[in-house]
Amino acid sequence: MANVCPIPTDSYKVGFIGAGKMAESIARGVVKSGILPASRIRTAHSGSARRTAFESIGVTVFDNNTQVVEDSDVIIFSVKPQVVKNVVSQLKPILSEKKLLVSVAAGVKLKDVQEWAGQGRFIRVMPNTPSAVGEAATVITLGEKATTEDGELISQLFGAIGKVWKADEKLFDAVTGLRHVPSLMFLKQHLLSHNLMPKSAPVTSCLLSPLGDLTIEALADGGVAAGLPRDLALGLASQTVLGAASMVSCMGKHPGQLKDDVASPGGTTIAGIHELEKSGFRGILMNAVVAAAKRSKELSQN
Ligand SMILES: NC(=O)C1=CN([C@@H]2O[C@H](COP(=O)(O)OP(=O)(O)OC[C@H]3O[C@@H](n4cnc5c(N)ncnc54)[C@H](OP(=O)(O)O)[C@@H]3O)[C@@H](O)[C@H]2O)C=CC1
Ligand SMILES: O=C(O)[C@@H]1CCC=N1
């Protein structure tokens, strides 16, 4: 660790390589939390829509990745998993030991990014889009060259936008699987489409609680089946459901849009959603709501 240069904790700058939906969610949440001012966040993109999305929160948008790396202390790689290798390899000459490097790419192992970068202190982070509303469920793991101080800095940064767990990298596939099944978005979508919300609030609120409980328990069981310790699985499941509900309530976006923001082409989320749809998941929830509403009506007629 002789050459490690500590990141200046009260003045560090964060740069996103990849100005997409995940980077925007983190940047929005970080600025809103107050842990970093927008003036200490930067990214790069050539398209006007993505530039405007970041500029509207006060983030500096450069024209290229080199400017982002040169002007940042913490670099967050937030491009699609399929392009991480190219991007890291291209930036390799300027990824000095002074920088703290973070990857949020699903399914990309630390040993690979470390090899592509040739050097550097890497931390792998699996966040989710409720970062934007301060309700993320984030899991981090430290690469072999990252220091305890590096881990604390990243835990604090992501802790400002949600809950953070540290876990062994071998659990990351299971974490990703558990966290990206946006179940409550479907639930609310169908409560709304059946006019069961908000008019019949007593019925839906009675139902929402046990449906939420069952959803959390089922997600946690899935996490355990995929290899997560029960405590971690339950913590992630409950925070994920809370995050999904907060996004629907706070963002003013259609739940289907929020789901689309999470599902990458050929990615993990769409694979999970495909399974849910094959099992008739939305129909099951709709039937449960309609059956409970019908029973409530029967009881009121007694
Ligand atoms: N969305 C989510 O819920 C989550 C995503 N992740 C991970 O975050 C990463 C990003 O995902 P997400 O934000 O959804 O994807 P997006 O497609 O929204 O964002 C990726 C961005 O990277 C840009 N990009 C592509 N190539 C380059 C390049 N060479 N240099 C700089 N930027 C480039 C894209 O540009 P362009 O706009 O031109 O395509 C796009 O803006 C992925 O690795 C994913 O696994 C992790 C957890 C949750
Ligand atoms: O769907 C995907 O694969 C990405 C990674 C995690 C969330 N979205």
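**Close-up views of a predicted model**

View 1. The unreviewed UniProt entry gives the annotation "binding site" to Ile-17, Gly-18, Ala-19, Gly-20, Lys-21 and Met-22. Ile-17 has its place in strand β1 (residues 14-17), whereas Gly-18 belongs to the loop between β1 and α1. Ile-17 counts as buried because it has 25 C-beta neighbours inside 10 Å, and Gly-18 is buried as well, with 23 other C-beta atoms within 10 Å. Leaving aside residues up to four places away in sequence, Ile-17 touches Asn-65, Val-68, Ile-75, Phe-77, Ser-78, Val-79 and Val-87, while Gly-18, counted in that way, touches Ala-23, Phe-77, Ser-78 and Val-79.

**View 2. Asn-65 lies in helix α3 (residues 65-70).** The annotation "binding site" in the unreviewed UniProt entry also covers Asn-65. Is this residue buried or exposed? Asn-65 is buried, because 22 other C-beta atoms lie within 10 Å, and the cut-off for a buried residue is 20 or more. Its contacts, not counting residues up to four places away in sequence, are Ile-17, Ala-44, Val-87 and Leu-91.

**View 3. Helices α4 (residues 81-91) and α5 (residues 110-117) cross at roughly 35°.** Two packed helices are described by the angle between their axes and the distance between the axes. Here the axes of α4 and α5 come within 8 Å. On the α4 side the residues in contact are Val-84, Lys-85, Val-88 and Ser-89, and they meet Val-113, Trp-116 and Ala-117 in α5. The residues of this contact between α4 and α5 divide into five nonpolar, one polar and one charged.

View 4. In the contact between the two domains, 14 residues of domain 1 touch 18 residues of domain 2. On the side of domain 1 that touches domain 2, the elements giving two or more residues are β7 (136-142) and β8 (162-166), and the largest share, three residues, comes from β8. By class, that side of domain 1 has seven nonpolar, three polar and four charged residues.

**View 5. Thr-138 has its place in strand β7.** Thr-138 is buried, with 27 other C-beta atoms within 10 Å. When residues up to four places away in sequence are not counted, Thr-138 touches Val-125, Met-126, Pro-127, Phe-158, Gly-162, Lys-163 and Val-164. The C-alpha atoms of Thr-138 and Thr-176 are separated by 10.0 Å, and these two residues are 38 residues apart along the chain.

**View 6. Ligand 2 and helix α7 (residues 172-179).** The residues around ligand 2 are Ala-106, Thr-176, His-180, Val-262, Ala-263, Ser-264, Gly-267, Thr-268 and Thr-269. By class, this shell around ligand 2 has three nonpolar, six polar and no charged residues. Helix α7 is mostly covered, since six of its eight residues are buried, namely Phe-172, Ala-174, Val-175, Gly-177, Leu-178 and Arg-179.

Terms used: Residues numbered from 1 in each chain as written. Chains lettered and ligands numbered in written order. Predicted model: local features only at pLDDT ≥ 70, side-chain atom pairs only at ≥ 80, totals over all residues. Axes fitted to C-alpha atoms, helices over the stretch in contact; angles between N-to-C directions. Helix = DSSP H or I, 4+ residues; strand = E, 2+ residues; numbered from the N terminus. Contact = placed C-beta atoms within 7 Å. Nonpolar A, V, L, I, M, F, W, Y, C, P; charged D, E, K, R; others polar. UniProt positions renumbered as here; feature names shortened; annotations may be inferred. Buried ≥ 20, exposed ≤ 12 C-beta atoms within 10 Å, placed from the backbone. Near = placed C-beta within 6 Å.
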